There are 2 protein chains.
Amino acid sequence: MQGSSIPLGYNHPELLKASQSEDTLIALTNTPTLDITLSKDWCKKLENTYLTVEPKGMGNVFTSATGVDPNEVALRATILVHEKSRRFKSSNLETENAVGSKAQRNSKVSFISFKSEVSGGNASSTKADDIVPLQKENDSATLCSFVPFPELKYPLDNYETENKNEEKLCLSSVEKMIEGQFSPVAALVVEPIFCEGGDKHASNDFFRELRRITKERGVFLIVDETQTGVGTTGTFWAHEKWGLESPPDIVTFSSKMQSSGFYFTDELKIAQSHEILNKWSAEPIKLAHSKAVVDTIQRDDLLQQNMRTGRYLMSHLRPLSVRYHRVIRNLRGSGTFISFDCPTREIQQRVLFLLRSNGIMIDGSGTSTIRFRPSLTFANKHVNEFLPKFELVLGAIYDEYWP
Amino acid sequence: MQGSSIPLGYNHPELLKASQSEDTLIALTNTPTLDITLSKDWCKKLENTYLTVEPKGMGNVFTSATGVDPNEVALRATILVHEKSRRFKSSNLETENAVGSKAQRNSKVSFISFKSEVSGGNASSTKADDIVPLQKENDSATLCSFVPFPELKYPLDNYETENKNEEKLCLSSVEKMIEGQFSPVAALVVEPIFCEGGDKHASNDFFRELRRITKERGVFLIVDETQTGVGTTGTFWAHEKWGLESPPDIVTFSSKMQSSGFYFTDELKIAQSHEILNKWSAEPIKLAHSKAVVDTIQRDDLLQQNMRTGRYLMSHLRPLSVRYHRVIRNLRGSGTFISFDCPTREIQQRVLFLLRSNGIMIDGSGTSTIRFRPSLTFANKHVNEFLPKFELVLGAIYDEYWP
C-alpha cells in the first residue's frame, strides 16, 4: 500500500509487457530531447493515452518530466498566459522609501495554496510547502501565499453547522488573500483531499464556491490530482464528485498514472509551448506504462472494484473505530482513499511501526494521520488479509497505553 | 550531432543491452519512490557507476530526477548547508519604510550566475536564465544575480592583453556582486564553456581566480558540467584542464551521462538527505545506461578518440575558416566540443537550415553561434562525411550573400 504511486500492484503483466515493448526500448536506448525532436506519432500517442481519460471540459494535455513537478509546470503555464494576455495591468510598487533589490519589490504575479493549521510536525513537508514558486528573471518575482484548509469535525452529521462555518471562514480567507495581494493572483492550487496536511476533506459545496470565487476574480483554478487522481477515490478524478458548473482551468496528475503532467482548458493554450518545453520535457519512457494503466483500469473495471473494496474496508473499519475509539478517530474516505487520525503523533508512529513490522506497507501524514493508499488491484481478499493484523496491532496499542 | 545528450550514437549495443537488463525491467515495472524505498544494493550501484568517474576531490554523489534539474537541486543543497551550519548571521533588512510583503524584503541567501552580454536573441533562453532560484517558505526568498561572462577576442594570440583585461573586469564584477548583495551569497554557478550564451571560452587562469575568489569569501563554487562533462571536451570533465589547487564544491552532470545529479565534497554532506530527496528523486530507470556509458568510454578508449577526432576536424575547419572567413569566425573548441560564430543571426539560421537540409543534425546557440555536439562515437570517417556537405553549404551561402 505504498504511497499513491503503485497503480496495479507489483509485476502486473500489462506493465511488464509495456516495459518490454518496442516503444519503451527505443525511448530508453535513444532518449529523445523532446523539446527539439518529437517522434512523428507523439501527438497521436498522447491522445490514445491521456486524452482517453481527460477530465470533463479540459481538451488539452501537457506532460512534464517527473512525479513531483506537474504543479510547478502548471504554475509556470499560468504565469506565461498572464504575461501574454496582459490580463492584469502592471503594478508599480516602487516608491522612494523602498528597500531591497528591484526583484524584492516587484512581484509580477502570485499564487495561493492551502496550508494546514496543524501541519509541520511530520518528517515530510506538507504538499503546500513543496510548491516552489518560479522566479525567472532578476527583475520579477512570484510569491506563494497560504490560506488554511478547512478542519472538519467528525462525525460530519453531528457537526453540520460548525463545519459549514469552518468552510465559510476558509473561503473568506481566500477572498481576502486574493484581494489583499500586492501583485495579481495568477492561480490557486487545491487538492480534492488535502493529502500531506493529514488527508483533510471538505464538502462539494466548498469546492464549488472556490470555483466561483476564483472565476469571478480571474484566478486560474488548479486542481492538484497528483495523489487523488487515476481511480483511487472511486471515480477516475476525485473532483468529478464536486458537480462543478464550469470545469477547473488545470488538473494535474502523477503517481498512479506512472507519468506526470496536466490537463488544461483552451484558455490556457500557449502559442509557443517551447517556452515551457525548453525547461521541462515529458517522459516518453513511461508513456507505454501510462497507456497500460488507463487501459487496464477500463478493461478490468477497476473503478467499480475500488468502490466495492473501499465500501468493504469501511464496513469493517467502522466497528473497529467504535471498539478502538481511542486510536481510530475521524475515520473518513472515498473509494480506498481512506484515513483516520490517532490521538497523538507518538501513537501514530507506534501504529505505523507495528503495522510495518507485520508486513503492512502503510504511511502517515499530517501530525497524527494514518492513510490507506493501496493500488487499484487491492480487493476484498487483501482486506481480509489486512484486518486480523490490524486488530492485533490495535490490541497491542491498547495493552501498551491503556492496560 | 544532436544536443549533448546522445553519448554513444543511436542504438549502441551496450545501451540496448542496458535497456533489456533485469535491473531496468524491474525499475520500469515497479518504479520505486526512492525517498521512501531504496533497493538494498542502490548505494553499491551508485559507487559502481558514478564514483568510477568522479572528479578529483569530490568523493560523494547525489542523483536528481531529470536532465534539467541538477543545478537547481545543487543550489538547494547549498541553501540547506548554509542554513544548517548557520554560516552566515541572519540579515535583518526590515525597516519602518519597507514596502512589500515580508517575503519580498527578506532574502535569506542569493546565488550568482553568468549571463552573456549579447544573449537573448536566440529562441531558447540562455542557460543562466534557466536557473530557477528556490523560494520555499512564505518568509524567505532566494535571488539569483547575473554577472557577465568574458567575451574573448580571436585569434587568442593576437589579443592576449585585451583578453586578460576582459577577464579581470569580469572577475572584479564577481567580487563586487558578492560584496554588494543584501543577503549572503550561497553559491556561484559557472560552466567550463558558457554554452547557451554562445559557447564562450575563458582561460584556465580565469577559472582558477574564480575558485580563489569564491573560496576566500565562503561561496560554494558549482561547476555546471551538464553539457561539457562525460568526455566531450577530450577529458572526462572539462574542468580537469583548469589545474585547480582545491576542487570545486559541486560538479553537476546530465546529458551524455543519461541520468543527472551532482558530485560534492564532504563539506556539503547533509545529515538528513531526505530534505532534498523528498522533493527530487533519482532516476533508477536509467542507471544501467549510465553504467554502460562510463564502461564503454573506458573500454573503447573514447576520450582518446574524441581528442583525435577533434584535432582532425579542427585541422580541416581551420583552412575553411580562412577561405570562408565571412561565415566562420572565432573558430574555437576542445575535443569535439567545437564552435564558431556567424556574422549575423540571419546567416546563422541560414547555415543551420542548409546543413539540416543536407542531413546534418546541428544546432546553434547565443545570437550567432553554430556548435558541434557529436556523440563520443563520432570518428574521422564521420568528419569525412560531414566536410564535403559543409563546404557545399558554405559555397551556397557565399553565392547567396556575396555573389
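Predicted model: local features only at pLDDT ≥ 70, side-chain atom pairs only at ≥ 80, totals over all residues.
In which loop of chain A does A:D199 lie? Select this residue to begin: A:D199 sits in the loop between β4 (185–190) and α8 (204–216) of chain A.

Residues are numbered from 1 along each chain as its sequence is written, chains are lettered from A and ligands numbered from 1 in the order in which they are written, and side-chain values use heavy atoms, with hydrogens and water left out.

**Stop 1: two aspartates of chain A**

Keep A:D199 selected. Its phi is near 45°, a positive value in a residue other than glycine. A:D199 counts as buried, at 0% relative accessibility (buried means under 20% relative accessible area, exposed over 50%, and partly exposed in between, with a 1.4 Å probe and protein chains only).

Next select A:D301, in the loop between α10 (287–299) and α11 of chain A. Helices (H or I, at least four residues) and strands (E, at least two) are DSSP runs, numbered from the N terminus. A:D301 also has a positive phi, of about 50°, although it is not a glycine. At 43% relative accessibility, A:D301 counts as partly exposed.

**Stop 2: the open sheet of chain A**

Display the strands β8, β9, β11 and β10 of chain A. In that order they form an open sheet of 4 strands with antiparallel pairing (two strands pair if DSSP finds at least two bridges between them). β8 (329–334) and β10 (363–365) of chain A stand at the edges with a single partner strand each, so one side of each has no neighbour in the sheet. From one strand to the next, the twist averages 25°. Axes are lines fitted to C-alpha atoms, for helices over the stretch in contact, and angles run from 0 to 180 degrees between N-to-C directions.

Now zoom in on β10(A) and β11 (residues 369–371) of chain A, an antiparallel pair joined by 3 bridges. Select A:D363 and look across to β11(A), where its bridge partner is A:R371.

Helix α11 (residues 302–323) of chain A lies across β8 and β9 (337–341) of chain A and runs at about 175° to β8(A).

**Stop 3: a cis peptide in each chain**

Select A:Y154 and A:P155, which are joined by a cis peptide bond with omega about -5°. A:P155 lies in the loop between β3 (142–148) and α7 (160–180) of chain A. Then turn to chain B, where a cis peptide bond joins B:Y154 and B:P155, with omega about -5°. The loop that holds B:P155 runs between β3 (142–148) and α7 (160–180) of chain B.

**Stop 4: a helix pair in chain B**

At what angle do α11(B) and α13(B) pack? Select helix α11 (residues 302–323) and helix α13 (residues 380–401) of chain B: they pack at about 15°, with axes 11 Å apart. α11(B) is therefore roughly parallel to α13(B) (angles under 35 degrees count as roughly parallel, over 145 as roughly antiparallel, 65 to 115 as roughly perpendicular and the rest as oblique).

Show the side chains at this contact (heavy atoms within 4.5 Å). Residues of α11(B), including B:Y312, B:L313 and B:H316, meet residues of α13(B), among them B:F386, B:L387 and B:F390. By class, the contact comprises 10 nonpolar, 4 polar and 3 charged residues. Here Ala, Val, Leu, Ile, Met, Phe, Trp, Tyr, Cys and Pro count as nonpolar, Asp, Glu, Lys and Arg as charged, and the others, Gly among them, as polar.

**Stop 5: a covered strand and a buried threonine**

Move to strand β2 (residues 109–115) of chain B, which is mostly covered, with 6 of its 7 residues buried. β2(B) pairs with strand β4 (residues 185–190) of chain B in the parallel sense over 3 bridges. Within this pair, B:I112 stands opposite B:L188 in β4(B).

Finally, select B:T49 in helix α3 (residues 42–49) of chain B. B:T49 is buried, with a relative accessible area of 2%. Apart from neighbours within four places in sequence, B:T49 is in contact with B:L287, B:S290, B:K291 and B:V294.
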